[in-house]
Every structure is written in structure tokens, then in C-alpha cells.
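Dear colleague,

Please find the structure below, together with its sequence. My notes on its charged side chains follow, and I would be grateful if you would read them alongside the coordinates.

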Amino acid sequence: MNRAVAAETVREKRFNQWVQDHGDAILRTCFVYLSNASDAEDAMQDTFLKAWKAMDQFEQRHGANEKTWLMRIAMNVCHDYHRSKWFRKVDLKKALEELPPRYLRVEPEDITLTMDVMRLPETLKQVILLYYFQEFTLREVAEVLGISVSTAHYRLRKAEKLLKLQLTGGKDDEK
């Protein structure tokens, strides 16, 4: 009996550490992905609920990166949210104002860029969020998204090109 209680205590401590270490990053990622503060909070909670339920599977993957694993769950949760809800127009600036400042971590001059990222197609937004916002390597991005490194690289370059066009007003200086 004491062994079971001790094992549960270890699980709870590990889970609480995951929330403490990665909760803000997951919330920010979910927010930029979903463009809605309440949906992002729900997605973060669902991410950690799924992580809690699958903790034994994670522990069997010796040497696995917990942030990569948690972010993969978050991306899948956001993808499911995005697919399941009715399409609606979101005022991105208002959505940014709804998010508490401690989660936003965007300088006022970067709000336009953040809104442009929020407008990207889903597959491109995912790569930008992981590579630039979470500072993952391309290999980690590929692992989270379940794609090849070359596909992650291609999507990153395509997203960067689209963002550059948006920021320069559609002027492409590459000739």
C-alpha cells in the first residue's frame, strides 16, 4: 500500500513540475494558435489532462524530452479545437488585449508580427510557433509535428516568406 501511495506522490510532483516549467509556454502557444484566450486556457488544461493520463507512456520513453512531448500534445489539442469549432472571425487585436500581460510577452512593436503569425495557415503557424516562440530546433519541430526535418524546414521557409510579404505590404525584394 505504501508503495502505491509513494508512486502516486512521485507522479503528482512530476506533474506539478511540468505545469510549473511549461504551463506558460503551452498557454502562449495555444493562444497564438487559437487566437482566443479562453480557448487557449481550455486547450492548456486539456493538454495537461492528457499528459497526466499518458504519464506512464512518457516514462517508458527513456530520455524523451518532456517539453517536446507536452508541446506535441498541445499542438494536437489545438488542432482538434481548431477543427471542431465553427469558423468565426476573430478580432486579433482584441484577442491579444484579452490575454494577461504575463502570458503575452510581446513588445508593443511586435504585436503586428504576432497578429500576422496568428493569421498564417495552420501548418505554417505550427512551425513558426515551435521554432521561434518555443525555440525548438528543426529536429524537435519535426518530432512534435510528426513530419520530416526537410518538411519542417520547407514549412518554416514558406512561413517566413509569407510573413515577410505581409510585413512589407506584399513587396518581394527577392528578384
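Predicted model: local features only at pLDDT ≥ 70, side-chain atom pairs only at ≥ 80, totals over all residues.

Arg119 counts as partly exposed, at 48% relative accessibility; the class covers values between buried (under 20% relative accessible area) and exposed (over 50%), with a 1.4 Å probe and protein chains only. Its side chain meets that of Asp116 in a salt bridge (2.9 Å, N to O), the term meaning a side-chain nitrogen of Lys or Arg within 4 Å of a carboxyl oxygen of Asp or Glu. Asp116 is buried, at 7%.

Residues are numbered from 1 along each chain as its sequence is written, and side-chain values use heavy atoms, without hydrogens or water.

The count of salt bridges comes to three. In one of them, Arg11 and Asp56 meet at 3.0 Å, N to O. This pair links distant parts of the chain, 45 residues apart: Arg11 belongs to helix α1 (residues 2-34) and Asp56 to helix α3 (residues 55-60). Arg11 is buried, at 15%, whereas Asp56 is partly exposed, at 43%.

Glu160 and Arg157 also form a salt bridge, at 2.3 Å, N to O. Both are in helix α10 (residues 149-167), three residues apart.

Yours sincerely

Technical notes. Helix = DSSP H or I, 4+ residues; strand = E, 2+ residues; numbered from the N terminus.
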